[in-house]
Amino acid sequence: MEDTEITGDHRQRRADHLCVLVHGLWGNPSHLSYLASALREKYPEDRLHILVAKRNSGSFTYDGIELGGERVAQEIEDTLEQLARSGQEIKKLSIVGYSLGGLVARYAVGLLHSKGWFDKIVPVNFTTFATPHLGVRTPLLGFHNHLWNVLGARTLSMSG
């Protein structure tokens, strides 16, 4: 059954799906504007809410995956609460992450799950593209690169 609001003689459908877009390293929300506009073209405002995450813009991406994920999770929670206050009940959640944003989004999903959000909201899609889920290694040969691949991964493993 659709969530509708009756206004005068018109029935207006209310979106119950939130799609979150998370940019990558050194990114900002404008990097995902084409994706947001393509989604909006296909799904009007009465079918889909689009949140382009803003709190990790620019140099904030240097703070690492954990802190970035906490920021995105908080931004999602704030948006869900704001929509609820305005009478919008979100029942479905999709998240799209680009590059480092995919890792940040993956961490945020874990936080949302641990807080019980997925008892209230159905996770629909989790999509990442150009995301290094398995890590990144320098492909060059030689002792210095081997040292970087071994020690770099171990020293940066806490933050990504």
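**Figure 1. F129 is partly exposed, with a relative accessible area of 36%, and it takes part in a pair of aromatic rings.** Relative accessible area is computed with a 1.4 Å probe on protein chains only, and a residue is called buried under 20%, exposed over 50% and partly exposed in between. The model is predicted, so that local features need a pLDDT of at least 70 and side-chain atom pairs count only at pLDDT 80 or more, whereas totals for chains, interfaces and linings use all residues. Residues are numbered from 1 along each chain as its sequence is written, and side-chain values use heavy atoms, with hydrogens and water left out.

A pair of aromatic rings is described by the distance of the centres and the angle of the planes. Rings of Phe, Tyr and Trp (for Trp, its six-membered ring) pair if their centres lie within 6.5 Å, and they count as stacked if the planes are under 30 degrees apart, as edge-to-face if over 60, and as tilted for the rest. The count by this rule is 2 aromatic pairs. In one of them, W26 and Y62 are edge-to-face, because their ring centres are 6.3 Å apart and their planes stand at 70 degrees. This pair links distant parts of the chain, 36 residues apart, with W26 in the loop between β3 and α1 and Y62 in the loop between β4 (49-52) and α2. Both W26 and Y62 are exposed. The rings of Y98 and F129 have centres 5.2 Å apart and planes at 45 degrees, so this pair is tilted. Y98 in strand β5 (residues 92-98) and F129 in strand β6 (residues 122-129) are 31 residues apart, and their pair also links distant parts of the chain. Like F129, Y98 is partly exposed, at a relative accessible area of 35%.

**Figure 2. The chain as a whole has 4 helices and 6 strands.** Helices (H or I, at least four residues) and strands (E, at least two) are DSSP runs, numbered from the N terminus. Read from the N terminus on, the elements follow the order β-β-β-α-β-α-β-α-β-α. The chain has 160 residues, of which 37% count as buried. Contact means heavy atoms within 4.5 Å, and among contacts between residues at least 6 apart in sequence, 74% join residues at least 24 apart.

**Figure 3. H23 is buried and is one of the residues that line the largest cavity.** H23 sits in the loop between β3 (17-22) and α1 (33-42), and its relative accessible area is 4%. The search of the whole structure finds 1 cavity of 30 Å³ or more, and the largest cavity holds about 60 Å³ of space. On a 1 Å grid over the protein atoms alone, a cavity is a set of points where a 1.4 Å probe fits but cannot get out, while a pocket is an open set with protein on both sides within 12 Å along at least five of seven lines, and lining residues have an atom within 4 Å of a point. Grid points are joined across faces, edges and corners, and a volume is the space filled by probe spheres set on the points. The largest cavity is lined by V22, H23, G24, N56, T61, G64, G68, L100 and V104. This lining divides into 3 nonpolar, 6 polar and no charged residues, where Ala, Val, Leu, Ile, Met, Phe, Trp, Tyr, Cys and Pro count as nonpolar, Asp, Glu, Lys and Arg as charged, and the others, Gly among them, as polar.

**Figure 4. The second largest pocket contains about 220 Å³ of space.** It is lined by 14 residues, and the closest to its centre are H17, Y43, L48, S94 and N125. Strands β3, β5 and β6 each supply at least two residues of this lining, which divides into 6 nonpolar, 4 polar and 4 charged residues.

**Figure 5. R71 lies in helix α2 (residues 65-85).** R71 counts as buried, because its relative accessibility is 17%. Apart from neighbours within four places in sequence, R71 is in contact with R55, N56, F60 and D63. Of these, R55 is 16 residues from R71 in sequence, and the C-alpha to C-alpha distance between R55 and R71 is 6.3 Å.

**Figure 6. S99 and A130 are residues other than glycine with a positive phi.** For S99, in the loop between β5 and α3 (100-114), phi is near 55 degrees. For A130, in the loop between β6 and α4 (143-156), phi is also near 55 degrees. A130 counts as exposed, at 57% relative accessibility.
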